[in-house]
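Thanks for coming. Please have a look first.

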Amino acid sequence: MAAPGENMKINGDRLWDSLMEMAKIGPGIAGGNNRQTVTDEDGVGRHLFADWCKAAGMTMGVDTMGNMFARREGTDPDALPVYVGSHLDTQPTGGKYDGVLGVLGGLEIIRTLNDLGVKTKHPIVVTNWTNEEGTRFAPAMLASGVFAGVHTQDWAYDREDHDGKKFGDELARIGWKGDEEVGARKMHAMFELHIEQGPILEAEGKDIGVVTHGQGLSWTQVTITGKDSHTGSTPMPMRKNAGLGMARVLEAVDQIAWSHKPHAVGAAGHIDVYPNSRNVIPGKVVFTVDFRSPDLSVIEDMEARLRVEAQKICDDMGLGIEFEKVGGFDPVTFDEGCVTAVRNAAERLGYSHMNLISGAGHDACWVNKVAPTAMVMCPCVDGLSHNEAEEISKEWATAGADVLMHAVVETAGIVE
C-alpha cells in the first residue's frame, strides 16, 4: 500500500497536553500517577478517554473484560481494522507515560487524520487494554490475555487483590464491564507505542526503538514457612527464620540470573513478611520471583534451578517451602511485515532508530498470538519506569507517535 508522505506528522503539542491532562487523574504523591486498574480513578480516566474519542468522531465498543475499542471507519466496510493502543492503568507509584503514551498516541493519530482529511481503506481502532500492569490483580496483561485465548474469562474474573476483592466484581462496580464478547474482534494488524522502560535508546542516542522481539517472563510465587518466635528470647540454634530463608533464596535467584548474562534477569519485587513485627522472627514469607529472558530454554532452566536450590536451602534450615507459577509468557517474535512498517516509517521520517528486544511484557505480546503485531518505542530518561519520577521529552513522544502513525496508516491504506 502507498506510504504516507514524510510531511504527515502528528501535533506534538496536542499529544503532550493530552498526556498532562490524563495525568491529573489519579495523581501520585511524587509527581506521577496511582491509577490502578478498575479503581474509581481508572473509571474517571476511561470516561475522559471516551469523551475525547467521541469528540474525534469515533464510536466506542467495550467488551466483557472492559477493553475499550474506539473506531474510526474506513472506506471498505469489509476490511479488517488496524488496531493501535496500549493501557491507561498504572502502577501504585507509576509514571505519566507508561502505557498512556500508546493509548493517547493512537488518539492523536485519529485527530491528525481528521485535521488533514485523510481517509484509510481499513478502519483504525484505538484500544485501551484493561489491567496491563497486573499489580492489583495478577497476572499482568490480564485482559489482552483473555482476548488472545491465553486465560479464560471466568478465571480472570476470580483474580483477587490484596483485600480479597475480585477483578470481575470491581470491573462491574466502576461501570466498565461491557457486553461485547471478549476476543470476538478480528484484526488486520496491531501496533503499540510504548516508552522503552530501559536505558538503551537514550544511551545510544536513538529516537526510535524498532521492537523485533519481546522477552519471555516467568513469575513463581514462593511461600516459605518457619515459626514465629521472639527475636530477643529465642536462641539462635532454635530459630526457624523464614525471613532468613528468603534472603538466601533471593541470593540464589541473583546468582541464577547472572549465570545467563547478559540478557537474563531475575529478582523479587513483591514480598510479604508475616507477622511483620519488629520483635517477631518471621514465621512466613510470600514473595514472587520474576525471571526474564528472550530465550525460552533459559527461562526453563532458571525456573528449574530455583525450585531445586530453594528447596535445598529450606531443607537445610528446617523450613517449609511451596512454589506456584502465577504468571508468565514465552518469548515473542513480532510480525516481520509490521516490524518492517515501523522501521520504514522511522527511515522515511528521518528519525534515528535501532532494533530492540523489549525487556518488559506488553499487551502486544499476547495480541501477537492472534494478529500480526509490532511495537514502537521511544526513550525514557535514565531508563526509569514503574516510578513516579519516570520522564520523557515532548520531542521523544512526538517522534514515537509520528512513526506509529506512519506504520498504522501505511498498513491501513491511504485512500487517494
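Helices (H or I, at least four residues) and strands (E, at least two) are DSSP runs, numbered from the N terminus. Before going on, the basis: this is a predicted model, where local features need pLDDT of at least 70, side-chain atom pairs count only at pLDDT 80 or more, and totals for chains, interfaces and linings use all residues. Residues are numbered from 1 along each chain as its sequence is written, and side-chain values use heavy atoms, without hydrogens and water.

Strand 10 (residues 265–274) pairs with strand 12 through nine antiparallel bridges; pairing takes at least two DSSP bridges between two strands. Strand 8 (residues 216–225) also runs antiparallel to strand 12, with ten bridges.

Is strand 12 mostly covered or mostly uncovered? Mostly covered: of the ten residues in 284–293, nine are buried, meaning under 20% relative accessible area (1.4 Å probe, protein chains only).

Now the helices. The axes of helix 1 (residues 12–23) and helix 3 (residues 100–116) come within 10 Å and cross at roughly 140 degrees. Axes are lines fitted to C-alpha atoms, for helices over the stretch in contact, and angles run from 0 to 180 degrees between N-to-C directions. Helix 1 is therefore oblique to helix 3, as angles under 35 degrees count as roughly parallel, over 145 as roughly antiparallel, 65 to 115 as roughly perpendicular and the rest as oblique.

Methods: Buried means under 20% relative accessible area, exposed over 50%, partly exposed in between (1.4 Å probe, protein chains only).
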